[in-house]
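Hello,

Here is the structure I promised to pass on to you. Have a look at it first, and then read on for what turned up in it.

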Amino acid sequence: MTVLDDSPAAAPQPAPASSRRPAKGNPWHPTVRGTLLVTQIELLRRRPTVKGWIFYGLLLAAILGLGVLLAVVSGDEKSSTPMELVLVLVLGAGMLIAPSLAATSINGDSSEGVLAPLQMTRLTAGDLAFGKLLASWLIAFAVLLTMTPFLVYAFTRSGWHVGELIVVIGVILLVVLTSTAIGLAWSSLAARAVASVSLAHLTTGALLLGTLLAFVFTQPLVSETVTDQSRYIDYEALTDEQREAYDTWDWSEVDPSTLPCRAPDDPYEYGVPHTERTAWLLLANPVVLIGESSPIISFETWEEDGRAAPGLFAEMHRWVSDSRVGPSESDLAGEQWDECAMLVADQNGEVYNGGGGDWEAEQEANSVYPRAPWIGLGVQGVLLAGAMWIVVARLRVPYTKLRQGTRVA
Amino acid sequence: MVETSTAVLATAAVSARGVARSFGSVHAVVDATLEVQPGTVTALIGPNGCGKTTLMLMLAGLLRPDSGEIRVAGADPRHDAAAVRDAIGWMPDQLGSWDNLTCLQTLTLMGRGFRLHAHEARERGAALLAMVHLDEFADRPTRVLSRGQKQRLSIARALMNDPAVLLMDEPANGLDPRSRVELRTLVRELAAAGKAVLVSSHVLAELDEMVDDAVFMSKGRTLGDEIAAKVADARTRYRIGTLDDALLHRVLAEARVPFDDEPTGAVIRVGSEEEAAQALAWLMAKGVPVHRFGPAGSALEQTYMTMEEERR
């Protein structure tokens with residue numbers, strides 16, 4: 001039990017740590033100070049090397065140059081296409097980058113053995129969760145900043161107002177934040193980085209494509225069967241004279257209104273989907289959410305409104321509104337095309353409009369139908385809160401359960 | 001550091017009673033009971049996979065025990081886990097470091113995690129780096145450190161919060177001989193400053209020099225009094241090497257001194273160092289040509305080996 005005399009002397013121990021107050025209970029909620037400290041640690045750890053900064057600079061310069069070139073070369077008539085492309089690109093890049101960063105943040109730290117030492121400090125599970133969320137989101141944000149030149153160029157041609165752009169950018173950043181949280185949640189659930197990264201991207205894919213597929217595939221479930229009410233010339237019952245006139249389209253001898261008319265014996269039946277019941281699936285889609293957060297462009301009055309011609313987003317808004325409104329009464333009454341009436345109208349020099357509703361008026365009405373971003377925002381909010389709840393719960397120590405096949409570290 | 005030791009009062013700094021924890025069908029710790037008093041060093045010894053690290057994690061407040069009672073610095077990790085973690089300096093068996101942060105940054109950020117003011121965390125980090133002789137690496141990233149240097153950084157990290165209890169899981173792993181001696185000295189100094197130290201290691205000869213008490217673990221159970229008796233017995237064993245083993249055996253047999261016959265020489269039991277001196281003098285007086293006389297190796301190692309035999 002004796003200490004060897006010839007052992008090298010250790011340096012004197014430092015004075016006791018004094019600037020602390022005692023801990024109570026087992027708090028888990030995030031604190032501003034703790035969250036910022038964890039963010040700082042994460043950003044320091046992920047800070048680029050010199051090569052990284054050079055790459056980032058070159059990328060920025062290239063994009064800046066391209067942006068300037070585009071602005072110079074292109075004409076000055078308004079167009080919404082560049083704006084829509086840039087926004088979709090920013091959303092897509094954000095939804096790719098942020099989860100990739102976040103999805104290795106917890107299980108990666110754990111297998112590197114740097115998670116548990118932090119959990120042994122006064123930092124709470126909430127501090128760790130929100131610090132990591134903030135750090136990954138900020139890095140994704142820094143990458144998205146490189147798109148700014150494109151955005152400025154696109155904005156100048158779009159006919160949008162600054163306020164509208166800020167709202168849409170805000171919504172995109174929220175979607176990216178939610179994607180980050182989902183990545184973190186998978187990282188806290190899956191033991192291995194490969195699994196959590198793929199699951200995070202699958203979740204993104206489910207939001208982007210899954211909602212569309214679900215919308216399409218649930219249509220038979222909400223369809224109402226309607227009967228085709230169309231009427232046709234009864235060809236068999238025509239007299240020879242009438243048949244002659246009908247085949248040659250020469251109505252000088254025969255009055256079209258005298259032709260025998262009939263409905264088919266076995267009328268065609270088809271489904272009309274009540275899309276107003278499943279339109280929320282579309283509204284949950286992040287790209288639709290961006291569209292629904294963008295300004296409404298009227299199909300009729302866009303020029304007087306100082307807008308660019310209706311583009312991708314306007315078309316999407318019109319389609320989403322169609323789905324939200326659902327089938328009209330005339331849609332549900334079934335197809336009512338009347339060949340006999342058409343012949344009469346044609347003979348009188350009128351345009352036969354098919355017996356259904358006024359399709360063009362419907363299109364125009366739906367193009368300015370009120371926007372519906374709230375379901376999409378709600379989905380994003382619920383996913384964000386749910387994911388962070390999982391992360392905090394999984395980071396709380398003492399652990400009751402461990403990730404399958406892992407150790408505490 | 002003396003202040004922290006008075007805060008612990010007369011109770012044990014760490015106590016565990018009947019602690020159990022299983023992972024699914026694997027019973028990592030079945031029944032563990034131990035106490036570590038302030039100002040002492042206790043060894044936790046056992047074969048690989050006997051549950052040492054799991055027990056340490058439960059003591060540290062990182063893992064919830066299925067049953068049993070734990071108190072660390074008077075707090076129950078079930079209700080006051082934050083206080084427990086705050087009172088503990090934990091040196092894990094896994095060496096992790098933020099590889100592109102410098103040593104000093106690492107310690108400063110850790111200190112701030114313990115809610116030290118930035119300048120205080122920095123000063124304390126610098127002082128601890130000097131203590132573990134890593135001051136020349138203070139501003140270099142931790143990825144350049146060798147395994148042993150990382151081990152020392154880990155020790156410094158464990159001391160950032162000036163803990164009353166120090167849990168060290170395999171601290172001597174990967175250390176060079178000089179660093180091992182330094183570790184031993186450091187651990188004794190920390191104990192002298194009133195800290196309770198629990199240290200697990202496989203280098204049993206190393207522990208012999210360092211610990212006041214030892215807890216043996218096997219198959220998830222801490223072994224009780226009979227193993228303590230074995231350690232005490234092992235500490236009394238002295239090995240005698242002579243030029244004439246036949247003479248030695250005859251002399252011991254005539255005097256009815258019990259001894260273990262060994263391939264070379266013999267092993268006797270002596271009660272104390274004084275008794276050992278007397279025994280040597282007596283043997284010399286009997287004309288036995290003694291060329292070696294001393295403790296028969298590591299007491300902990302001998303006990304460990306008997307335990308291993310029992311296991312088989």
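In helix α6 of chain A, the residues A:A125, A:G126, A:L128, A:A129 and A:L133 meet A:M388, A:V391, A:V392 and A:L395 of helix α17(A). Sorted by class, this contact between α6(A) and α17(A) has 8 nonpolar residues, 1 polar residue and no charged ones. Please keep in mind as you look around that this is a predicted model.

How do the two helices lie against each other? Two packed helices are described by the angle between their axes and the distance between the axes. For α6 (residues 125-145) and α17 (residues 374-395) of chain A, the axes come within 8 Å and cross at roughly 135°. An angle over 145 degrees would count as roughly antiparallel, and one from 65 to 115 as roughly perpendicular, so α6(A) is oblique to α17(A). The crossing in which α6(A) passes α17(A) is right-handed.

Next, the domains. Chain A is divided into domain 1, which covers 34-205 + 380-395, and domain 2, which covers 219-367. Their C-alpha centres lie 44 Å apart. Where the two touch, 17 residues of domain 1 are in contact with 13 residues of domain 2 of chain A. On the domain 1 side, α3 (81-102) and α8 (162-189) of chain A each supply at least two residues, and the largest share, 6 residues, comes from α8(A). By class, that side of domain 1 has 9 nonpolar, 5 polar and 3 charged residues.

The two chains also meet: 41 residues from chain A and 54 residues from chain B take part in the contact. On the chain A side, the elements giving two or more residues are α1 (32-45) and α5 (116-119). The residues on that side of chain A divide into 27 nonpolar, 9 polar and 5 charged.

Finally, one residue of chain B to look up. B:Q37 is in the loop between β2 (26-36) and β3 (41-45) of chain B. Is B:Q37 buried, exposed or partly exposed? It has 18 C-beta neighbours inside 10 Å; being buried takes 20 or more, and being exposed takes 12 or fewer, so B:Q37 counts as partly exposed. Leaving aside residues up to four places away in sequence, B:Q37 touches B:A12, B:A13 and B:A196. B:Q37 and B:G194 are 157 residues apart in sequence, while their C-alpha atoms are 9.1 Å apart in space.

Conventions. Residues numbered from 1 in each chain as written. Chains lettered and ligands numbered in written order. Predicted model: local features only at pLDDT ≥ 70, side-chain atom pairs only at ≥ 80, totals over all residues. Axes fitted to C-alpha atoms, helices over the stretch in contact; angles between N-to-C directions. Helix = DSSP H or I, 4+ residues; strand = E, 2+ residues; numbered from the N terminus. Parallel < 35°, antiparallel > 145°, perpendicular 65-115°, else oblique. Left-handed = near helix turned anticlockwise from the far one by under 90°. Contact = placed C-beta atoms within 7 Å. Nonpolar A, V, L, I, M, F, W, Y, C, P; charged D, E, K, R; others polar. Domains from an automatic or database assignment.
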